[in-house]
Amino acid sequence: AKHLGGDTFQFYNNQLQASTLERLQLEQQLRRAIEEGQLQAYYQPKLTLSDGVVRSAEALVRWNHPQRGLVSPGEFIPLAEETGLIGVISEMMLQQACEQALLWLQQGMPIRVSVNLSVSHVRQGNLVTLVQDVLKKTGLPAYLLELELTESQMLENAESIIATFKQLRELGVHLAIDDFGTGYSSLSYLKRFPANSVKIDQSFIRDVAENHEDAAITRAIIAMAHGLNLLVVAEGVETQAQMDFLHANLCDEVQGYLICRPVAAEQFTEFLLAHTAA
Ligand code: C2E
Ligand code: CA
Ligand code: CA
Ligand code: CA
């Protein structure tokens with residue numbers, strides 16, 4: 001790009017340096033955040049459509065940054081994956097979520113919590129031991145823990161992931177395929193993957209009430225998943241029209257802003273109490 005002239009190149013180069021510096025700063029801040037306990041699990045309920053009961057919640061990481069306030073995972077999970085910090089973050093989330101689920105159980109509100117996994121963490125090889133240790137340490141019954149892995153990530157190292165997840169199923173832990181419909185997995189792979197549920201990706205739900213293609217895809221996913229004995233969860237439900245469509249088409253659970261945004265544990269408890277009170 002010589003013909004662009006010196007100034008243009010200089011500008012481009014500065015931008016590159018700035019972003020490298022920003023990344024380094026972010027990485028340092030993230031390391032400190034982990035040490036100082038600035039990472040917190042938020043929870044978003046999943047509502048069972050047939051009876052209106054909340055039986056599970058997804059744990060979503062939030063960074064309580066002293067200057068910037070709440071930072072969303074999209075801003076630091078990719079960096080955490082590149083730098084290997086994702087392992088520590090996943091462990092913290094697993095620990096927090098299990099402690100919280102046990103507390104809810106002791107308060108008479110059995111809620112299954114789902115924790116998001118990254119494939120880089122699954123590949124580190126000690127996932128089964130880690131999950132076993134956390135369950136033992138916290139005393140949470142395994143059936144109240146669910147692990148979510150995205151469909152696209154499942155396809156990397158498929159064989160070793162299937163083996164690992166079979167061991168997790170033997171512990172009694174539930175497994176969900178996240179962002180389903182975006183990963184192009186073959187049906188035969190789906191058959192061999194020991195999942196309990198699939199989560200239909202938000203991109204299909206957004207226009208499901210108006211768009212024929214999205215409606216057809218969503219109906220097909222529900223039928224196929226039910227045929228394979230899997231529970232179906234729809235993500236990103238924001239409108240009553242979406243919820244009505246999903247109810248009419250026998251989707252099992254819905255998750256989205258229409259029901260509740262991801263909230264801190266205390267607000268989630270309040271939400272539960274408000275929704276179980278007669
Ligand atoms: P995801 O697992 O697909 O999580 C769903 C995302 O959709 C969450 O974004 C949630 O806040 C958002 N959401 C929920 N309801 C609605 C809705 O009605 N409308 C819209 N537009 N969005 C909705 P969030 O919390 O920003 O997380 C983004 C992604 O970051 C997650 O996608 C997941 O891939 C990753 N992530 C979050 N927490 C963790 C974690 O603890 N570990 C790992 N490895 N990844 C995480
Ligand atoms: Ca998820
Ligand atoms: Ca998802
Ligand atoms: Ca996603």
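Two calcium ions, ligand 2 and ligand 3, lie 4.1 Å apart, and Asp 178 coordinates both. Glu 148 and Asp 178 link distant parts of the chain. Glu 148 belongs to strand E5 (residues 145–150) and Asp 178 to strand E6 (residues 174–180), 30 residues apart. Strands (E, at least two residues) and helices (H or I, at least four) are DSSP runs, numbered from the N terminus.

The model is predicted: local features need pLDDT of at least 70, side-chain atom pairs count only at pLDDT 80 or more, and totals for chains, interfaces and linings use all residues. Residues are numbered from 1 along each chain as its sequence is written, chains are lettered from A and ligands numbered from 1 in the order in which they are written, and side-chain values use heavy atoms, with hydrogens and water left out.

The calcium ion (ligand 2) has four protein donors: Glu 58 (OE), Asn 116 (OD1), Glu 148 (OE) and Asp 178 (OD). They lie 2.2 to 2.3 Å from the ion. Donors are N, O and S atoms within 2.8 Å of the metal (3.2 Å for Na, K and Ca); water is not among the atoms, so sites may look incomplete. Along the chain, the donors of ligand 2 follow the spacing E-x57-N-x31-E-x29-D. Glu 148 counts as buried because its relative accessibility is 1%. Asp 178, at 6%, also counts as buried. Buried means under 20% relative accessible area, exposed over 50%, and partly exposed in between (1.4 Å probe, protein chains only).

Ligand 1 is surrounded by 22 residues. The closest are Gln 44, Arg 62, Gln 202, Glu 238 and Tyr 257. A residue is near a molecule if one of its heavy atoms lies within 4 Å of it. A side-chain N or O atom of Arg 62 is 2.9 Å from an oxygen atom of ligand 1. Strand E2 (54–65), helix H3 (86–106) and E6 each give two or more residues to the shell around this ligand. E2 gives the most, with four residues. A backbone N or O atom of Val 61 lies 3.2 Å from a nitrogen atom of ligand 1.

Pro 73 is found in the loop between strand E3 (69–71) and helix H2 (77–83). At 21% relative accessibility, Pro 73 counts as partly exposed.

Key
Polar contact = N/O pair within 3.5 Å; in protein donor to acceptor, adjacent residues only side chain to side chain.
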